[in-house]
Amino acid sequence: MKKTRNQSLDQFWRIDDKQLNTPEHDEMLLWLLKKENLKKIIATRSPESENWDWKHVKIHAEEFIVSSSGFRVGAPDILFVVPHYLCKNCNSTHRNMDNCPNCDSDDVIIHPDHQQHFDRYFIEIKPRIENFGMTLKQLKLFISYGYEERAYLFTRDLRFNDEFEGQGIKVIHSLNVQSKL
Ligand SMILES: [Zn+2]
């Protein structure tokens, strides 16, 4: 495969992103960039996230996933980074900042190993699913670079929930959140 530094894999495969610059996409992106909105909508699909250390969650928009060899894979709309904690009682690693989800101990500290400080998640925004196969291909590409179980699709399209969920993608809908969106 011939590739240049400036071309990312998703461009190489011509993974369509016509929706990227629509006002609707922008509106959904801007909405997610507010941390209280992000927190609310992630909780609709991942209730355990209520116990995360949201104060220290960092949100990045349109940031590239880069492979270990330095190749740009593609840029999901949102990457967010959740701090890790270590339970000193049972030694499990988790994202709860107060109590260990494994043993309920509150003897919990910020993870001391720098490599394991954070988990990274991504959210891809598609106001509508124009092409199920291409959307799935794009999301699977991102997931293959270390985002197993940590991939969300934010859409207003209710048609393919089961199919995406069956492929390991968590679907979130603004419908589930009280807002003017
Ligand atoms: Zn524990």
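Helices (H or I, at least four residues) and strands (E, at least two) are DSSP runs, numbered from the N terminus. The views show a predicted model, in which local features need pLDDT of at least 70, side-chain atom pairs count only at pLDDT 80 or more, and totals for chains, interfaces and linings use all residues. Residue numbers start from 1 along each chain as its sequence is written.

**View A. The largest nonpolar core.** A nonpolar core is a set of buried Ala, Val, Leu, Ile, Met, Phe, Trp, Tyr and Cys residues joined through C-beta atoms within 7 Å. A residue counts as buried with 20 or more other C-beta atoms within 10 Å of its own, as exposed with 12 or fewer, and as partly exposed in between, the C-beta atoms being placed from the backbone. The core has 23 residues, of which Phe122, Ile123, Ala151, Tyr152 and Phe154 touch the most other members. At least two core residues come from each of α2 (23–32), α3 (35–45), β4 (78–83), β8 (118–126), α4 (132–143) and β9 (151–155).

**View B. One side of helix α4.** Thr135, Gln138, Leu139 and Phe142 are the buried residues of α4. They lie on the same side of α4 because they cover an arc of only 95° around the axis, the arc being that of the directions from the helix axis to the C-beta atoms.

**View C. Two loop residues with positive phi.** Most residues other than glycine have a negative phi. Asparagine 91, in the loop between β5 (85–87) and β6 (93–94), has a phi near 70°. Glutamate 149, in the loop between α4 and β9, also has a phi near 70°. Asparagine 91 is exposed, with 10 other C-beta atoms within 10 Å; glutamate 149 is exposed, with 11.
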